Structures are given as structure tokens and as C-alpha cells.
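User: Please take a close look at the metal site in this model. Which residues hold the metal, and how are they placed?

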Amino acid sequence: MPLDQTALLIELEPVVATNLERHLSLAKEWFPHEYVPWSDGRTFDGLLGGEAWLETDSKLPDVARTALIVNLLTEDNLPSYHHEIATLFGRDGAWGTWVHRWTAEEGRHGIALRDYLTVTRAVDPVELERARMTHMQAGYSNDHPDEILHSIAYVAFQELATRISHRNTGKATGDPIAEQLLARVAADENLHMVFYRNLLAAAFDLDPNNAMRAVTDVVSTFQMPGANIEGFGRKALSIALAGIYDLRQHRDEVLQPVLRQWNVLGRTDLSGDGEKARDELAAHMDDLETQAARFEEKREARRLRLAKK
Ligand SMILES: [Fe+2]
Ligand SMILES: [Fe+2]
């Protein structure tokens, strides 16, 4: 029997409670200030008459800076995400406790990243603040605002995507301090992913056909939460060219492992539209495979071309 949205929330409440407990027992307390090399900092120009930011202040490779900015702006948009999730899941019971806890943890990510970038003069602070204003004023709304299964499926993939992106951004900085910070943030994102992944696994058992449809819809239209950042297309391309987050990783390290956990291909409880959705998903994954291989070929050709110069 397909469940309506309220029935789904009620049915999933004990699963939320169990996974909230699991999350709290595994989540480690950590402090952003410990990850920032404060004594490297210098007062900026303006009110306090310090030194203006210069391009040469940054020790990070260009693409690492781009990725850090995208990751931070994505974290910055938290009020919009909180609004979406709290509106959909509600603020009562285990759902509400989770929503608030999740929000508090995500808030830590933005704080830590901004402190690091500002103190180390890794990016232009004026440009960063202006980009934050532009991005947050655009807000965020998910593609399926009224559909719980779609929203849970989306966040399961999205949390894993941010985990991969943070971790690889850390590596791309070449700075052990940034790498340590981003590995710490990535560990949080992983726990978030597990929470939502377990929740959708339970939803699959409650309502397999609708869960399957939700997953197919989400995978086939997936966009990163920061996709409306100004100049995102250009930024995403350089991030993909650097291997920080590309289609291959999206398919093989984000979509595949989560789909495998839900046993999407092996399920025997699908019928009607659920079966149709699974077929669509399989075709989409094949298509992504072709696209990913094509991108890798082009990237390699580009690398060889640049190496010859
Ligand atoms: Fe985060
Ligand atoms: Fe997260």
C-alpha cells in the first residue's frame, strides 16, 4: 500500500529515533578553532588599517581555492536548507531533534572553513563575502519540495557528494592543515549520509515502488546544492578537470554505493511503476557510464596537450 506523506512521517519516526541515537553515539565533538592557524593571520585593510588582500597572499592552487569557495558557499546556504527540511520533516519528536542537530553540525562546517580561509588569506575576503550575499539571496529550494521520499533520497546522495568533494578539495590544497580540516568535515558528511541512507532503506521496505520512483527521479535530475552559485558551470568544470569532483566519482563513488546499499537491482518487492523506475535508473546509470568515460578521455587528451606545451 502506498503511504501518504503524513503516514510516512509517522511510520519512519521510530527509524529516525534509532538512527538519531546511533548518530549521537558516533558523532565526535570537535572545535573549529583548533583547526585554524590563527597566528598566521594579519589584520586586513579598511577599518583597522591593516594590509589589503593580495593575490600573492594565497598559497593554494587556483582550483583548490575555487573548490573551497564552492564548498563554503554551499555550506553557507544552510538557513535555506534548514527551512526546507524543517518544513518537510517537522520540528516535533525525533524528526525535529534530528533537524536541529543536523543544522548545528552543518553550521560548524561553514564557520571552520571561513575562519581557515580568512586567517590564511587563501581567498579574497571581499569577493568571498559578496559571493556569499549573492548566493544566499538566491535562496535554495529542492526540486521535490513536498515529497518526503524524494527529499530523503536527495540528501543521502548529496551528503556523500559533499563528503567526496570536501575530502578531495583538502588533498588538492597541498596544505596539511586544510587537509585535516576538510577530512574532519568529510567525516561529518559521511555520518549524515548514513543517517539518510538508513532512513530511505526503511522507506524502501515500507513502500518499495514509491521509494524506487523517488530514487530514479532524484538520480536522473541530480544537481549539487550549490548549482546556483554564480559561475557554477565554469567552477564545476575546473573542479572536474582537477579530479576533485567529476562524473566518474559521482557515478561510482556516490550513486553506486548508495544504490547497492538499497539493493536496488536485486529487490524482489517491486512491481508496476517501481519496476519501470528501476529500468529507467539502470538505463540512466549506463548513460552516465558513457558520459563519464567520454569526459575522462577528453581530460586525458587535454592533459597530454598541455604537457607538450
Ligand atoms: Fe556540511
Ligand atoms: Fe552534511
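Analyst: Buried means under 20% relative accessible area, exposed over 50%, and partly exposed in between, with a 1.4 Å probe and protein chains only. By that cut-off, glutamate 106 and glutamate 189 are both buried.

This is a predicted model: local features need pLDDT of at least 70, side-chain atom pairs count only at pLDDT 80 or more, and totals for chains, interfaces and linings use all residues. Residues are numbered from 1 along each chain as its sequence is written, chains are lettered from A and ligands numbered from 1 in the order written, and side-chain values use heavy atoms, leaving out hydrogens and water.

Now the site itself. The iron ion (ligand 2) is coordinated by Glu106 (OE), Glu159 (OE), Glu159 (OE), Glu189 (OE) and His192 (ND1), at 1.8 to 2.8 Å. Donors are N, O and S atoms within 2.8 Å of the metal (3.2 Å for Na, K and Ca); water is not among the atoms, so sites may look incomplete. Along the chain, the donors of this iron ion (ligand 2) follow the spacing E-x52-E-x29-E-x2-H.

Glutamate 106 lies in helix α4 (residues 93–119) and glutamate 189 in helix α7 (residues 176–206), so the pair ties together parts that are 83 residues apart in sequence. Helices here are DSSP runs (H or I, at least four residues), as strands are (E, at least two), numbered from the N terminus.
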